[in-house]
Amino acid sequence: MAEKYNGEAYCVKCKEKRQFEGDVVVNDKGTKMARGKCPVCGTTLNRILGKA
C-alpha cells in the first residue's frame, strides 16, 4: 500500500501555500517526495520530505 501525505506545499501557479493530500514517492536520487494536486487550480504540487 502506498504511503499518504497530508500537509501543505507551495503552489507555483496560485503563488500561495495550499493544503493537499498526495502519495509519497521516491525519486531517482532516493529522496522521498509527496506529490498531489492543488485543490484550487489542479497544478501538480511536490514537497520534498527527505532521504528514504
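I began with arginine 18, which counts as buried at 18% relative accessibility. I take buried as under 20% relative accessible area, exposed as over 50%, and partly exposed as in between (1.4 Å probe, protein chains only). This is a predicted model, where local features need pLDDT of at least 70, side-chain atom pairs count only at pLDDT 80 or more, and totals for chains, interfaces and linings use all residues. Residues are numbered from 1 along each chain as its sequence is written, and side-chain values use heavy atoms, with hydrogens and water left out.

**Salt bridges**

I looked for a partner of arginine 18 and found glutamate 16, in a salt bridge of 3.7 Å, N to O. The rule asks for a side-chain nitrogen of Lys or Arg within 4 Å of a carboxyl oxygen of Asp or Glu. Glutamate 16 is partly exposed, at 42%. How many salt bridges are there by this rule? I count 3.

Next I checked aspartate 23, whose side chain meets that of lysine 4 at 2.8 Å, N to O. This pair links distant parts of the chain, with aspartate 23 in strand β2 and lysine 4 in strand β1, 19 residues apart. Strands are DSSP runs (E, at least two residues), helices likewise (H or I, at least four), numbered from the N terminus. Aspartate 23 is partly exposed at 31%, whereas lysine 4 is exposed at 58%.

Then I turned to glutamate 3, which forms a salt bridge with lysine 32, the closest N and O atoms being 3.7 Å apart. Glutamate 3 sits in the segment before β1 and lysine 32 in strand β3, 29 residues apart. Both are partly exposed: glutamate 3 at 44%, lysine 32 at 26%.

**Nonpolar core**

Which residues make up the largest nonpolar core? I list Tyr5, Ala9, Cys11, Phe20, Val24, Ala34, Cys38 and Leu45, 8 residues in all. Such a core is a set of buried Ala, Val, Leu, Ile, Met, Phe, Trp, Tyr and Cys residues joined through side-chain atoms within 4.5 Å. Strands β1 (4-11) and β2 (16-26) each give two or more residues. The largest share, 3 residues, comes from β1.

I followed phenylalanine 20 and its contacts (heavy atoms within 4.5 Å). Beyond four places in sequence, its contacts include Tyr5, Ala9, Ala34 and Leu45.

**Methionine 33**

Last, I looked up methionine 33, in strand β3 (residues 31-37). Methionine 33 is buried, at 12%. Among the residues it touches, not counting those up to four places away, are Val24, Val25, Ile48 and Leu49. Its C-alpha atom is separated from that of cysteine 11 by 15 Å.
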